[in-house]
Amino acid sequence: MSDPVVDHLLARHDAILEDLKTLLRMPSVSADPTFAEGMADARRFLLDRLTAIGMENVQLLDGGGQPAVYGDWLHAPGRPTLLVYGHYGVQPPDPLDAWTTPPFEPTVRDGKLYARGASDVKGSTMIAIEAVAALLAVEGRCPVNVKFFLEGEEETGSPSLRPLIERYRDLLAADGVLSADGGRASRELPTVNTGARGSNGLEFSLRTASGDLHSGRYGGAVRNALHEMAALVATLHDRDGRVAVAGFDSDAAELTDRQRADVAAFPFDETAFLAEAGAAAHGDPAYAMRERITLRPCLDVNGMWGGYLGIGSKTIIPAEAHAKLTVRIVAGQDARRVIDAVVAHLKAHCPQGVELSFGRIGDGSPASTLAPGHPLVLAAERVLQAETGRRPIPVRLGASVPITAIFKETMGIDTLMFGFNLPDEPVHAPNEFFRIESIAMGLRAWPAILRELGGFVPAAFRADT
């Protein structure tokens, strides 16, 4: 049977694609102040679009950082209220010379839309907006109460999200969060995201002398900061890749039979996974690779530098070295306790004569989990099975989406990630793209899930499921 709302959306497919291209041309890089104009342009675009589709109370919410864009439609009495989440901030485009086409000039090649932010997550954000727009345009109403919350700081760890929620708690009150961020785990198989790892990070430095030294005069006689940093970082893991930090996973919940069965049900080709990355396998051999990247904590050095980095040589013994690292944590773990364990490890393994100091140490965010019987999960399963003809597989993300934990912690509401990007679309890297076919799939699925959720009473979202 034809669905007038979906028919309307698919008839507007090319217009929606052009609007998405317009948004992608706005360089809304949240981490770099030089892109402030692009951030402002993206906010204006979203404010105008929410107003045009019939949202009310359209405004910017200021939490002290990049403002969030808000708009609501609250004319479905007795129905659940959904906070629809997306974000307009994107990652920096560097390195620019690695892009085939300019990062902020959207280009379609081989059924893929290339641009920074296309996959993460402007494409799925536009799908969510247009689905609500079509319901209001065709049926004159929405099956649930909707509050759009489009964040500007997701790509920088959502530092202002807690103060923003505190300031606008009543405005943001909802029964659940339906997120355009998060994505699909497979192009071939339907999957439902039931959780994500949490995260935290720190920066640290070490010093071995009062200043850089001439290697001809001091070489072989004093410590080299870069040598010491390399040795210190090497103590964080054993040769197999197990984290060697005492107590690192002491509070991690044991894997359940259900979790391991869900992981095993998801087809995962380790050889292809490694070949695509051009990488070699590494990590705790007690767990399958997909268990390691979704159900187990990990620790990674993200950057390490010091000494002379310019053209040519400079024969010095560096006096300083620096590093950044992050942890991904799982259910049961406290993000600050885990990073404190790493700090204690670094202090214990730092040799005498080397000064160790710490810069930014984050508070982090916990892992998140959706219960199998939660209305958000049940609705997604029904919609995806109807769309694909296959029973969806529950999956967890190895990545971290701060809002999933923060909304649960601060407001007691759960989040379902219902984005339509895919893992092979190189987000955070050059030549990011979003598949054009995902637009039509999302335009069919979003009205359907809003209708499914409209069939639950609000109390069901808070029940012990």
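Colleague: At what angle do H2 and H4 pack?

Modeller: This is a predicted model. In it, helix H2 (residues 13–24) packs against H4 at an angle of about 135°, and the two axes are 10 Å apart. That makes H2 oblique to H4. Their crossing is right-handed.

Colleague: Which residues in H2 and H4 meet?

Modeller: From H2, Ile16, Asp19, Leu20, Leu23 and Leu24; from H4, Ala118, Lys122, Gly123, Met126 and Glu130. By type, the residues of this contact are 6 nonpolar, 1 polar and 3 charged.

Colleague: Is Glu130 buried or exposed?

Modeller: Glu130 is buried, because its relative accessible area is 1%, and the cut-off for buried is under 20%.

Colleague: What is Glu130 in contact with, leaving aside its neighbours within four places in sequence?

Modeller: Leu9, Arg12, Ile16, Arg49 and Leu443. Glu130 itself sits in H4, which spans residues 118–139.

Colleague: Changing topic to the sheet. What is the order of the 3 strands?

Modeller: The order is E4-E5-E18, in an open sheet with antiparallel pairing. E4 (107–109) and E18 (433–435) are the edge strands; each has a single partner, so one side of each has no neighbour in the sheet. From one strand to the next, the twist averages 30°.

Colleague: How many bridges join E4 to E5?

Modeller: 3 bridges, with E5 covering residues 112–114. Arg109 has Lys112 in E5 as its bridge partner.

Colleague: And which helix lies across E4, E5 and E18?

Modeller: H15 (residues 436–454), which runs at about 55° to E18.

How values were computed. Residues are numbered from 1 along each chain as its sequence is written. This is a predicted model: local features need pLDDT of at least 70, side-chain atom pairs count only at pLDDT 80 or more; totals for chains, interfaces and linings use all residues. Side-chain values use heavy atoms; hydrogens and water are left out. Helices (H or I, at least four residues) and strands (E, at least two) are DSSP runs, numbered from the N terminus. Buried means under 20% relative accessible area, exposed over 50%, partly exposed in between (1.4 Å probe, protein chains only). Contact means heavy atoms within 4.5 Å. Two strands pair if DSSP finds at least two bridges between them. Axes are lines fitted to C-alpha atoms, for helices over the stretch in contact, and angles run from 0 to 180 degrees between N-to-C directions. Angles under 35 degrees count as roughly parallel, over 145 as roughly antiparallel, 65 to 115 as roughly perpendicular and the rest as oblique. A crossing is left-handed if the near helix is turned anticlockwise from the far one by less than a right angle, and right-handed if clockwise. Ala, Val, Leu, Ile, Met, Phe, Trp, Tyr, Cys and Pro count as nonpolar, Asp, Glu, Lys and Arg as charged, and the others, Gly among them, as polar.
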